[in-house]
Amino acid sequence: TVSTQSTGGTGVQLLTLVFAVILCAIAGTYYVKRGTVVTAVIVSYAVTSVVAGFVGGAVYSRNGGRMWITNMVSIAGLFPAVILGVGFILDWIAVAYDSLASVPIGTMLVVVLLWALVSFPLTLLGTILGKHRAGTRDVPCRVNPVPRLIPPRPWWSGRAMHMLLGGVLPFGSIFIEMYFVFTAFWHYKYYYVYGFLLLVYCILLIVVACVTVVSTYFLLNSEDYRWQWTSFWSGASTALYVYLYSIYYFVWKTNMSGFFQTAFYFGYMFMFCFGLAVLTGSVAYLASSLFVTSIYRNIKLE
């Protein structure tokens, strides 16, 4: 199975990628030539793969991981496989409709080669560095090898509610900016306020971390130690509300119709929300991990 540690490495990579793309947009102009943003994202993803490997390898090693090949392959290949898979399906649809939106086969091969020759080796390098430079296990207190019984509690305080409601406040902090981003993308308008976008992005990260830390505290307070995936999905649920908002935007704010336009809209929105889910979920997991380590480090052992 894919661990939260490997997913967290990809999330930190995406976090770094978004910062790099926004900062480059502030310094330059992405609207001068068509496709500049996409090119910047692809190149930034390849270059920042070392970040994914380093963080994923370090966290995996600290948690006593042993399946290093599986961990490395999941870091390097899971996210690109999903994105490229959806992209290929959309490209086939574009070719079937004889649309100019189809991507040439040569461009696809260049992207695959960029992943194979740059992204994958950098992920391998980062994993090795993370394991040896920052992978020393540092458990703050003695860990009981026998899991204790989790007491029953009402349905409204269970893990599912933590996961589902964890994304409400983060989505509330960005939904206004989402309207302008969607308008710029789907109505082919220029987007200029990258400085404000950077501010909203920072607010999103802070809100996700704070909300998940509070959620993790209540979960531990109810004697439920299963906080790892709970914290991840609590942060990742932000993307669920963004996708629901995209449905509202499609119905009420666009004039799109037909299978081709509908498939492209929801296909691209799925890729965007999938990346957002990995990013926010990773931030939530790492924030909760730091919180749990901090509180147990201060416990007075008897």
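How are helix 2 and helix 5 oriented to each other, roughly parallel or roughly perpendicular? I opened my notebook with this one, keeping in mind that the model is predicted.

**Entry one: a pair of helices**

I looked up helix 2 (residues 36-47) and helix 5 (residues 105-134), and found that they pack at an angle of about 30°, with axes 8 Å apart. Angles under 35 degrees count as roughly parallel, so helix 2 and helix 5 are roughly parallel to each other. From helix 2, I noted Ile 42, Tyr 45, Ala 46 and Val 47 in the contact, and from helix 5, Val 111, Leu 114, Val 118, Ser 119 and Leu 122. Sorted by class, this contact has 8 nonpolar residues, 1 polar residue and no charged ones.

**Entry two: helix 3**

Next I turned to helix 3, which covers residues 49-62. Its 14 residues reach 20 Å from the first C-alpha to the last, close to the 20 Å expected at 1.5 Å a residue. I then checked burial: 10 of the 14 residues are buried, so helix 3 is largely enclosed by the rest of the structure. Among the buried ones I wrote down Gly 53, Gly 56 and Gly 57, along with Val 55, Val 59 and Tyr 60. After the helix comes Gly 64, with a positive phi near 75°.

Which residues have the most contacts inside the largest nonpolar core? I found Phe 182, Val 242, Leu 279 and Val 283, in a core of 51 residues. At least two residues of this core come from each of helix 1 (4-27), helix 3, helix 8 (175-186), helix 9 (194-221), helix 10 (228-253) and helix 11 (258-297). Helix 11 gives the most, with 13 residues.

Is Ser 234 buried or exposed? I located Ser 234 in helix 10. Ser 234 has a relative accessible area of 1%, and under 20% counts as buried, so Ser 234 is buried. Not counting residues up to four places away in sequence, Ser 234 touches His 162, Met 163, Gly 166, Gly 167, Thr 212 and Ser 215.

I found Ile 22 in helix 1. Ile 22 is buried as well, with a relative accessible area of 6%. With residues up to four places away in sequence set aside, Ile 22 touches Tyr 194, Leu 197, Leu 198 and Tyr 201. I also looked up Ile 22 against Leu 286: they are 264 residues apart in sequence and 23 Å apart in space, C-alpha to C-alpha.

My last stop was the loops. Asp 98 lies in the loop between helix 4 (68-96) and helix 5. Its phi is positive, about 55°, although Asp 98 is not a glycine. At 70% relative accessibility, Asp 98 counts as exposed.

Where does Glu 223 lie? I found Glu 223 in the loop between helix 9 and helix 10. Glu 223 has a positive phi near 65°, and it is a residue other than glycine. With 40% relative accessibility, Glu 223 counts as partly exposed.

Notes
Residues are numbered from 1 along each chain as its sequence is written. This is a predicted model: local features need pLDDT of at least 70, side-chain atom pairs count only at pLDDT 80 or more; totals for chains, interfaces and linings use all residues. Side-chain values use heavy atoms; hydrogens and water are left out. Helices (H or I, at least four residues) and strands (E, at least two) are DSSP runs, numbered from the N terminus. The expected span of a helix is 1.5 Å times one less than its number of residues. Buried means under 20% relative accessible area, exposed over 50%, partly exposed in between (1.4 Å probe, protein chains only). A nonpolar core is a set of buried Ala, Val, Leu, Ile, Met, Phe, Trp, Tyr and Cys residues joined through side-chain atoms within 4.5 Å. Axes are lines fitted to C-alpha atoms, for helices over the stretch in contact, and angles run from 0 to 180 degrees between N-to-C directions. Angles under 35 degrees count as roughly parallel, over 145 as roughly antiparallel, 65 to 115 as roughly perpendicular and the rest as oblique. Contact means heavy atoms within 4.5 Å. Ala, Val, Leu, Ile, Met, Phe, Trp, Tyr, Cys and Pro count as nonpolar, Asp, Glu, Lys and Arg as charged, and the others, Gly among them, as polar.
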